[in-house]
Amino acid sequence: AITADNILSTRYSGKGFRYSAMLAVMYDTKHKGLFGHDLCGETIDYSVRYDPENPKHKFEDHHLIPKSSTASGSVPAIDSIANIVLLTRDKNGLIGNQSPRDYFDKLAKQPNFDRLREENLIDKDTFDLLLNEQYSDFLLARATALAGYINDYFQFDKERTEDLADNTDDE
């Protein structure tokens, strides 16, 4: 099974196989109707994520907690997939390196923001951790939610009871 530690150790830097696979499960499969929209309400089309022909709607990896919001090294998992959501290039550029409180004050004014936040696996309690700058606690809570989501998708946390046929020949 995937654990919160697996999520926290899956880094944005380098965008390796584990990172790409987890992001694809989140945003391409949209298991249980989650991850279909970004935090700004844009419908996510994962197939245009890196589409050079459609740069305006290209989705980029956005750090919920910008590295500039923390002292260097004070939050070891700042670069983990638990700190990433997809946003369009335009929205990501507008947010830039604003503190979470600053840009979420603006985003929270959207009428459907609570639904969008929940759809991106940031529940109310986890969101409060982010706004209160309890960044390590936020990352652990979101990593735990992401691990549960991925385990549910692959059914890693369910015991497999496949019927194994006896392949021996009766003579």
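The legends below describe close-up views of a predicted model.

Residues are numbered from 1 along each chain as its sequence is written. Because the model is predicted, local features need pLDDT of at least 70 and side-chain atom pairs count only at pLDDT 80 or more, while totals for chains, interfaces and linings use all residues; side-chain values use heavy atoms, with hydrogens and water left out.

**Figure 1. Overview of the protein.** The secondary structure comprises seven helices and two strands, where helices (H or I, at least four residues) and strands (E, at least two) are DSSP runs numbered from the N terminus. Along the sequence these elements follow the pattern α-α-β-β-α-α-α-α-α. Of the 171 residues, 43% count as buried, that is, under 20% relative accessible area, with exposed meaning over 50% and partly exposed in between (1.4 Å probe, protein chains only). Among contacts between residues at least 6 apart in sequence, 69% join residues at least 24 apart; a contact means heavy atoms within 4.5 Å.

**Figure 2. Helix α2 against helix α7.** The axes of α2 (residues 17-27) and α7 (residues 135-154) come within 11 Å and cross at roughly 75°. Axes are lines fitted to C-alpha atoms, for helices over the stretch in contact, and angles run from 0 to 180 degrees between N-to-C directions. Met22, Val25 and Met26 of α2 meet Arg142, Leu146, Tyr149, Ile150, Tyr153 and Phe154 of α7. Eight of these contact residues are nonpolar, none is polar and one is charged. In this division Ala, Val, Leu, Ile, Met, Phe, Trp, Tyr, Cys and Pro count as nonpolar, Asp, Glu, Lys and Arg as charged, and the others, Gly among them, as polar.

**Figure 3. Helix α4 against helix α6.** These two helices pack at an angle of about 130°, with their axes 9 Å apart. They are therefore oblique to each other. Pro100, Arg101 and Phe104 of α4 make the contact with Phe127, Leu130 and Leu131 of α6. By class, the contact has five nonpolar residues, no polar ones and one charged.

**Figure 4. The largest nonpolar core.** This core has 47 residues, and those with the most contacts inside it are Ile7, Leu23, Tyr27 and Phe104. A nonpolar core is a set of buried Ala, Val, Leu, Ile, Met, Phe, Trp, Tyr and Cys residues joined through side-chain atoms within 4.5 Å. Two or more residues come from each of α1 (4-9), α2, β2 (84-88), α4 (100-107), α6 (124-131) and α7. The largest share, eight residues, comes from α7. Not counting residues up to four places away in sequence, Leu23 touches Asp28, Tyr46, Arg49, Asp61, Ile81, Ile84 and Leu86.

**Figure 5. The strand pair β1 and β2.** Five bridges join the two strands, which run antiparallel; strands pair if DSSP finds at least two bridges between them. Histidine 62 stands opposite valine 85 in β2. Four of the five residues of β1 (residues 59-63) are buried, so this strand is largely enclosed by the rest of the structure.

**Figure 6. Two loop residues with positive phi.** Most residues other than glycine have a negative phi. Leucine 121, in the loop between α5 (113-119) and α6, has a phi near 55°. At 17% relative accessibility, leucine 121 counts as buried. Glutamate 133, in the loop between α6 and α7, has a phi near 60°. Glutamate 133 is exposed, with a relative accessible area of 54%.

Methods: Parallel < 35°, antiparallel > 145°, perpendicular 65-115°, else oblique.
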